[in-house]
Amino acid sequence: MKYLSYIIISILSLSMLHTQADNRIDIHFTKDSVYWKSKFPAMSWNAGGTDYFVGQLNNYKVDDFSFKGAFGKFNPGAGNYQQPFNSEDFCEQFFYSFRIANTGNAYIELPEIPDAGLLTLHCKSGNANAGAEFYIEKLVSGTWQRMYTLTAPPHGNEDRDAVIRQPIKSDTPIKLRLYGASKNLHVFALTVGAFNDKVDEGGEKEKADNIRFIVLPDTQNYSDEFPHIFHAQTGWIANHADSISLVMHVGDITNHNLPGQWMVAQDAMAVMDGKVPYTLCVGNRDMGEGGLAADRNTALFNQYFPYSKYSKVAEFGGVFEANKMDNSWFTLEHPSGYKFLVLSLEFAPRNEVITWAKTIVESHPLYNVIVVTHAYLYSDNQRWSASHGHDAVPDDYGFVANSSVNDGEALWTKLISLYANIKLVVSGHVLHSGTGTLVSEGADSNKVVQLLSNYQNGVDDAELGGSGYLRILDIDPEANLLQVRTYSPYLNEYKTEPNQQFSLHEVQLIKDGMSSVEKNYMPSTVKMWSSESKLFVKSNHPEVVHIRLFDMLGKLMYSQSVHQEASIACPKGCYMVQVDQEEARTIQKVIIH
């Protein structure tokens, strides 16, 4: 009955959308198939039983449109599903389409229109395991210029289409085309609405210097039952990569830690490869046989998301255990000059993991740190802990007998509260409302924003494994403002309840040149210089000072308490030096020649 209700609501929403739209372009190859069949050359049946024009159309004119590719009724065939249902209502079925062939130079060229708003494309990659990458281009002084690179996710043997929405936002005449495809791309319907500068679709930033992060909450049900929704999420992210700095997956990637579910997750996440950096952390469902977390066996996670792949990306920093991605860190720098370090920690982190994490944070004082971990905040806006009467805490899992474990409260006490440059913590795991928000004061009177986001089956009112909802986090660093929105690319809907859409004014980012500790301690006078592969440190403080030397991967190279000055032998390279004395701390990057 829930599924029936969902279909009825979707049909009503779709009808409202059509009555509101003032479309400049409106192509529907199935609904208007009689018209299009009369315009294209006569079709013939090929040996495979596919009703389409045999051969390729090349610069074929229909009215003011131009086509290069093939038009027809592409029969699904075994496990192919080229005649999908409309994923917006699952009632309307697409039969006829225009195929932009994988030659890389096929296209649909649109007539010039007076303005352009939201472009909506109903399409499908012709490949089950690979997305079809293509472009939106505009004609400028006789030359086609690329505007957007888009991806239609792999069809994955699902009998539904992909819906791609791209705001064009042109208030002047414009001529557009869909061009090129890495895989055969079947286009079923295409609309371009009238100009609307307020069209957002989750993809436009309100300010050019805003910093945008995406949080992918628990995807366990998508990997298990609804892979097309997983692909809708990551496909949307890939298509809006220009406005996104980083994607963070909070764990429970799979439901039962099975190879088939990991393959779905691998394919879905791979849509973002090379387009936007992303991190993952392991949840309890990603550990042990059947995802029961009876031990910390994460062999399948590391098989499908291997160190050999992610250690090669530009943002990669390091890992806790050799060749394992269970605990990792990445760095990135926003064009506005703000630097970020993202620390992804395993479910219920061990003490030794926390010790490692502390060295990473300490060696990056000029970075704004985001901690990503599966279970941390509870739905009552308190940190996850048995001491608060919460369920599903570490003691409820079998691996506690073999290693130390830490809940959310312990993680706050041992790590997060201790460093002024830790700004944000994101997590999932918890059911009930699936949301929580907490702003706490750290040891240096700094503010830490902590967010819970979860929409899986079992969360209040959840359908279809979470219906594709994710979190959009926009930071305006000048205003110390964090805006949180909850959006589903699958439904093209926002959740607007107070726990789903809100703003916080407690995000105070630090910028290169001023570390977090310099904001909270008195300045000190420390001189540093290098000569003949030695680093010399001299302090004007009469008492003992403590000196730490880190390499740029966060490894502690030297730690010693000295009286006023020290000389440290070290190889050529770049280092971070931290000097502590009574009420002051100095941190400086040093290059040894």
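**Exercise 1. Determine the handedness of the crossing of helix 4 and helix 5, then their relative direction.**

Step 1. The crossing of helix 4 and helix 5 is right-handed (the near helix is turned clockwise from the far one by less than a right angle). Helices here are DSSP runs of H or I with at least four residues, strands are E runs of at least two, and both are numbered from the N terminus. The model is predicted: local features need pLDDT of at least 70, side-chain atom pairs count only at pLDDT 80 or more, and totals for chains, interfaces and linings use all residues. Residues are numbered from 1 along each chain as its sequence is written, and side-chain values use heavy atoms, without hydrogens and water.

Step 2. The axes of helix 4 (residues 227-239) and helix 5 (residues 259-270) come within 8 Å and cross at roughly 25° (axes are lines fitted to C-alpha atoms over the stretch in contact; angles run from 0 to 180 degrees between N-to-C directions).

Step 3. Therefore helix 4 is roughly parallel to helix 5 (angles under 35 degrees).

**Exercise 2. List the residues of helix 4 and helix 5 that make the contact.**

Step 1. Helix 4 supplies P227, F230, H231 and T234 (contact: heavy atoms within 4.5 Å).

Step 2. Helix 5 supplies V264, A265, D267, A268 and M269.

**Exercise 3. Find the element that gives the largest share of the lining of the second largest pocket.**

Step 1. Strand 8 (116-125), strand 11 (162-170), helix 4 and helix 5 each give two or more residues to this lining.

Step 2. Helix 4 gives the largest share, 7 residues.

Key
Parallel < 35°, antiparallel > 145°, perpendicular 65-115°, else oblique.
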